[in-house]
Amino acid sequence: MNPVIIKKSPAEIDAMAEAGRIHVEVLDLIAKKIRPGVTTAELDAAAEKHIRARGATPAFKGYRGF
């Protein structure tokens, strides 16, 4: 099997970098909210709210029923 490398445009690389920044923001946000009694549903809702507020779409939201 030969791997295929697809060259990304500068715009695609910029979009990937922005997605990475949003990801780090969400991880930081969630880390601050974790404590006894907080449900995973609450963490999920906070993450989704932040992602959408940044103009992004949660990539795996609803994927295969999850």
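The structure is a predicted model, in which local features need pLDDT of at least 70 and side-chain atom pairs count only at pLDDT 80 or more, while totals for chains, interfaces and linings use all residues. Residues are numbered from 1 along each chain as its sequence is written, and side-chain values use heavy atoms, with hydrogens and water left out.

**Overall form**
- The chain contains 2 helices and 0 strands; these are DSSP runs, with helices (H or I) of at least four residues and strands (E) of at least two, numbered from the N terminus.
- The radius of gyration of the chain is 15 Å, whereas a compact globule of 66 residues would have a value near 11 Å; the radius is taken over C-alpha atoms, and the globule rule is 2.2 Å times the number of residues to the power 0.38.
- Along the principal axes, the C-alpha atoms fill a box of roughly 50 × 25 × 15 Å.

**Burial**
- Of the 66 residues, 12% are buried (under 20% relative accessible area; exposed is over 50%, and partly exposed lies in between, with a 1.4 Å probe and protein chains only).

**Aromatic residues**
- There is 1 aromatic pair in the count (ring centres of Phe, Tyr or the six-membered ring of Trp within 6.5 Å; planes under 30 degrees apart are stacked, over 60 edge-to-face, and the rest tilted).
- F60 and Y63 form this edge-to-face pair, at 5.9 Å centre to centre and with 80° between the planes.
- F60 counts as exposed because its relative accessibility is 64%, and Y63 counts as partly exposed because its value is 45%.
- F66 lies in the segment after helix 2 (40–53) and is exposed, with a relative accessible area of 76%.
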